[in-house]
Each structure stands twice: as C-alpha cells, then as structure tokens.
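Open the model in your viewer and keep the sequence panel beside it. The tour below goes stop by stop.

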Amino acid sequence: DIVNWPMLKIVYRTDPDKIAALLPPGIEPGPNPNVNLTIYNFPVPDEPEYGIVYTVDAIYDGTEGEDTLGSGIDQESAIFGSQEINGQPKYPCQTEYYRLGPQVTARCTHHGYTFVEFKGVSIGPAEIPDEYDQHEWWIKVSRAVSVGGPATGYDFPPHVVHVRSRYGTAWREEVQGD
C-alpha cells in the first residue's frame, strides 16, 4: 500500500566534534557530520500527529544510521508512554507544517521558544530514490524506584534500541529556502 505521509527533510552539515559530544557511549559519529531534521504530519489511529524528529548521522555496532536526539510531537498523551515503553526521546512541541501552492512553511515551538523555522518554495519534482532501510538508535532506560528521596541507579540500565524502518518514496520535490 502507498501511504502519503507529508515530510519536510532538512539536512545540514556541522562540526564532527559537536556531534561526538552529543552521542552516548558506544555510539560513534557517522562518516558525515550531518544533522537531520524531519518535520512531518503522520496519520495515527485517531488524529494526525504533527512533529519533528532530529537526528545525527551515527554508527552503532558497525551499522550506519542515525542517533535520535529528540522528537517533538503535538500529542501529549503519546509522549510519556513512548518514553517509558519504547525509549523514544519525545517531548511536547507545537508544529505548524503546511504547503500553500509552491510555498512550504514549517515552524516548531517548545514552551514558547521557536527552535526551527523554515520558509521555502518548491522548485519541482526530484529524483525518486529506491526503497531504503533507515536505522535509528534510541536509548531506553528505567531509573531505580525511589521512596522518600531522589532515585539513584537503574532498574534497567541504559540500552541502545535499534529501530529499523523500510521506506519508499511515492513523490519527491526539491524545496529551496531558509
């Protein structure tokens, strides 16, 4: 089945040392010092979910992929369960993402602070890539139970969760903007 999930993918290069400083032990910087922003509107069972996922190119256990630094979504009910059950680094985020004619606009805001804003124009169709696998790394942890004070230690120490997704592209456009 072909499912249309509108996404705006923004990739930019940064200093490899800055990426290395963000990665947890055991995950290494990838061959390219890329930061990847994906702003999306995904259908979920009862309503659309708007959000942003930001990752950096990384390698874990010899496999190239992306370490997920954060995932801002507009559905509070999915945040805490996703953190505890799946290890997803989700937090509340108001996301505006729309297209009006050739214009593409996106804005992501957390607690009143706009941390990503994009305005651009579609310049036309782009080459459609073959299906591909994407590997993401999440860190899953369960802090120790605490009674009467701050928790120390873990009931389930930090583990890397390997998420493999297979993607295909139905339509792709090149968008230029800031």
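How many bridges join β4 to β5? Select both strands: 10 bridges join them, and they run antiparallel. Two strands count as paired here if DSSP finds at least two bridges between them. Strands are DSSP runs of E with at least two residues, helices are runs of H or I with at least four, and both are numbered from the N terminus.

Before going on, note that this is a predicted model, in which local features need pLDDT of at least 70, side-chain atom pairs count only at pLDDT 80 or more, and totals for chains, interfaces and linings use all residues. Residues are numbered from 1 along each chain as its sequence is written, and side-chain values use heavy atoms, with hydrogens and water left out.

**The whole chain**

Zoom out. The C-alpha trace spans about 60 × 35 × 35 Å along its principal axes. Two helices and 12 strands make up the elements of the chain, in the order β-α-β-β-β-β-α-β-β-β-β-β-β-β from the N terminus on.

Colour by pLDDT, the predictor's confidence in each residue, from 0 to 100. The chain has a mean of 90, with 98% of its residues at 70 or more. Confidence is highest in β8, at 97, and lowest in α2, at a mean of 81. Where pLDDT is low, the predicted coordinates should not be read in detail.

**Around β4**

Return to β4, residues 48-60. Tyr54 has Gly70 as its bridge partner in β5. Two residues lie between the strands in the hairpin of β4 and β5, where Asp61 takes a positive phi near 50°.

Next select β3 (residues 34-43), joined to β4 by nine bridges in an antiparallel pairing. Thr38 is bridged to Val53 in β4. The two strands form a hairpin with four residues between them.

**An aromatic pair**

Show the side chains of Tyr54 and Phe115. Their ring centres are 6.4 Å apart and their planes stand at 70°, so the pair is edge-to-face. Rings of Phe, Tyr and Trp (its six-membered ring) pair if their centres lie within 6.5 Å; planes under 30 degrees apart count as stacked, over 60 as edge-to-face and the rest as tilted. Tyr54 is in β4 and Phe115 in β9 (residues 113-125), 61 residues apart, and the pair links distant parts of the chain. The whole structure has six aromatic pairs.

**A four-strand sheet**

Select β7, β8, β9 and β12. In that order they form an open sheet with antiparallel pairing. The edge strands, β7 (94-100) and β12 (173-177), each pair on one side only. Between β7 and β8 (residues 103-110) there are seven bridges, and Gln94 has Thr109 in β8 as its bridge partner.

**A pocket**

Last, select Gln83, Gly87, Gln88, Ile139 and Val141. These lie nearest the centre of the second largest pocket, which is lined by 16 residues. On a 1 Å grid over the protein atoms alone, a pocket is an open set of points where a 1.4 Å probe fits, with protein on both sides within 12 Å along at least five of seven lines; lining residues have an atom within 4 Å of a point. Which element gives the most to the lining of the second largest pocket? β10 does, with seven residues.
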